[in-house]
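Visitor: I am new to this structure. Please show it to me, and then let me ask about it.

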Amino acid sequence: MSASRPRVPVTILTGFLGAGKTTLLNGILPQQHGRRIAVIENEFGDAGIDNDLLVEARGEQIVEMNNGCICCTVRGDLVRILGELRDRRERRADAFDYVIIETTGLADPAPVAQTFFIDEDIARYYRLDAIVTVVDAVHAAAQLEQHHEAQEQVGFADRILISKTDLVNPQEIVSLSERLGRINARAPVAKVLFGVAAVDQIVDIDGFSLDSILEIEPGFLGEDAHEHDDAVASFVFRTERSFDAELLQDFLRKMVADHARDLMRYKGVVSFVGLDSRVVFQGVHMLMNSDIGRPWADGEVRRSILVFIGRHLPEEKFTAGLEQCLAGKPLPRG
Amino acid sequence: MTANSSNPLLEKCLALAEGEEPVFSHPWESRAFAIVVQLSAAGHFTWAEWVACFSEEVRAATAAEAAGTAAPSYYEQWLAAAEKIMIAKGVTSREQLAAKRFGIGVVGTAHQVAV
């Protein structure tokens, strides 16, 4: 119970082919950052990673734990490697205190992330800290058009790092940042310079923590400026009226059941009638966690905010449904 | 403890070591049982306090059953009492339980994880 040891934080580093994940790591790992980081590398480019704690994962082994249930798709290779790393750390406690998993450019982040929730042994020992996605400023536009994996990696991210910004003009960076913000409204977008990137750009981000504040990127324009019709997109629902807990529960249950495959990340900080504290929840496909958040202050305007990120999500259906879950609204017919 | 047939707790008490009978019908029952034992062992409440709380729950359920209401199972009563004593002792709060129930209601227990 509460006496259990803190779990080892894990960062999943994704990014499309050639975005510079390996270069980024090679710039960061040798720095005197005082952190001992084990790296699990899934892809072998020309530039290998120089790290004492490098583990190579040859090939992606996707394992379906349960018939057809998307959330039960995990990475068998990772389960094995993380188990071996755990044994190593148990023998020598100072072996490492962070893990970074560098995925292949084409990897779907979902099975990697779900491994940390579905496999009980892994979940007990490791904590998924964040998904960090590196986006190549030079090739992003074409890659986002041509490869759905590129959009999905952006959609899943807790943080987006734009690389190679020195090779394009500033206006291109602005429009790329806006596009990334429409795909993923909740991941901060930052430029990354390979030579000077700091380790805290990729670890200790707390992307999956229920305590972390739900902030919508100021660049998020919602309905406006639909320059690109990206399959992956976000939408945000805000209200100052409280939800009826039962109505919201029933509605979200239906939405998760109907759209589990397309619903990549979702998070909410909501006010319920009859509760004096915020309720926070966060999900990945069908996996979800909820808890109590900070209490509402006396007289505070109870601002609820929910964000959904996914593939071809029917925003109007969500918005209309959420409106119906607000307390005091008439119940939908049927 | 003396055998006292007027104590509803003892009337409904399971035979924990009797023959081949399974003690728990569902995995959650063993977890509910273990949580109460652990919390008491950790000093959140004494066993006597637990017995009093559980007895009260059983008494209420028995009365409700006598009045024609469908009775909760033994471990449903156990769980209800466990929630009450945990709230009373500050282990959790009514609001936290509500927040957890919300998530379980959306995705089910199998998908409720520490995301």
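Guide: Let us start with a hairpin. β12(A) and β13(A) form it, with 2 residues between them. A:His285 in the turn has a positive phi of about 50°. The model is predicted: local features need pLDDT of at least 70, side-chain atom pairs count only at pLDDT 80 or more, and totals for chains, interfaces and linings use all residues. Residues are numbered from 1 along each chain as its sequence is written, and chains are lettered from A and ligands numbered from 1 in the order in which they are written.

Visitor: How many bridges join strand β12 to strand β13 of chain A?

Guide: Strands are DSSP runs of E, at least two residues, and helices are runs of H or I, at least four, numbered from the N terminus. Two strands pair if DSSP finds at least two bridges between them. Residues 277-284 and 287-295 of chain A run antiparallel here, and the bridges number 7.

Visitor: Which residue stands opposite A:Gly283?

Guide: Look across to β13(A).

Visitor: Are α3(B) and α4(B) parallel or oblique to each other?

Guide: Their axes lie 9 Å apart, at an angle of about 130°. Angles under 35 degrees count as roughly parallel, over 145 as roughly antiparallel, 65 to 115 as roughly perpendicular and the rest as oblique. The two helices are therefore oblique.

Visitor: Which helix gives the largest share of the side of chain B that touches chain A?

Guide: In all, 16 residues of chain B are in contact (C-beta atoms, placed from the backbone, within 7 Å) with 25 residues of chain A. Of the chain B side, 10 residues come from one helix, residues 94-107: α5.

Conventions: Two residues are in contact if their C-beta atoms, placed from the backbone, lie within 7 Å. Axes are lines fitted to C-alpha atoms, for helices over the stretch in contact, and angles run from 0 to 180 degrees between N-to-C directions.
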